[in-house]
Amino acid sequence: MDDQTADRPASQRPQSKPKDRESWIERGVAIRAGFYIFGTHLFAGFVWLLFYLGEHAHK
């Protein structure tokens, strides 16, 4: 922000368009969901690997 904008009260500052804000929120949700899905599959694969290695371990 420039000095003039920072000196204005919050009610007079230019606001971003609601549509722009919604697209950022949607993008954040999509990225977060992708991380959760990827992380869950990664964890499930690790657990599967532990079971597989445990089943084939020489006892």
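This report describes the helices, surface and aromatic contacts of a predicted protein model.

Residues are numbered from 1 along each chain as its sequence is written, and side-chain values use heavy atoms, without hydrogens or water. Local features need pLDDT of at least 70 and side-chain atom pairs count only at pLDDT 80 or more, whereas totals for chains, interfaces and linings use all residues.

The protein chain has 2 helices and 0 strands, taken as DSSP runs (helices H or I, at least four residues; strands E, at least two) numbered from the N terminus. Of its 59 residues, 2% count as buried, that is, under 20% relative accessible area, with exposed over 50% and partly exposed in between (1.4 Å probe, protein chains only). The accessible surface comes to about 6000 Å², of which 63% belongs to carbon and sulfur atoms.

Phe43, Phe46, Trp48, Leu49, Leu50, Tyr52 and Leu53 form a nonpolar surface patch with about 790 Å² of accessible area together. Patch residues have over 30% relative accessible area and no salt bridge, and nonpolar side chains are joined within 5 Å; a salt bridge is a side-chain nitrogen of Lys or Arg within 4 Å of a carboxyl oxygen of Asp or Glu. Leu53 lies in helix α2 (residues 18–55).

| Residue | Relative accessibility | Class |
|---|---|---|
| Trp48 | 57% | exposed |
| Tyr52 | 39% | partly exposed |
| Leu53 | 49% | partly exposed |

The count comes to 1 aromatic pair (ring centres within 6.5 Å; planes under 30 degrees apart are stacked, over 60 edge-to-face, the rest tilted). Trp48 and Tyr52 form this stacked pair, 5.5 Å centre to centre with 20° between the planes. Because they are 4 residues apart in helix α2, about one helical turn separates Trp48 and Tyr52.

Note on methods:
Patch = residues over 30% accessible without salt bridge, like charges linked within 9 Å, V, L, I, M, F, W, Y side chains within 5 Å. Areas by Shrake-Rupley, 256 points an atom, 1.4 Å probe, with all protein chains shown as cover. Phe/Tyr/Trp six-rings, centres within 6.5 Å; stacked < 30°, edge-to-face > 60°.
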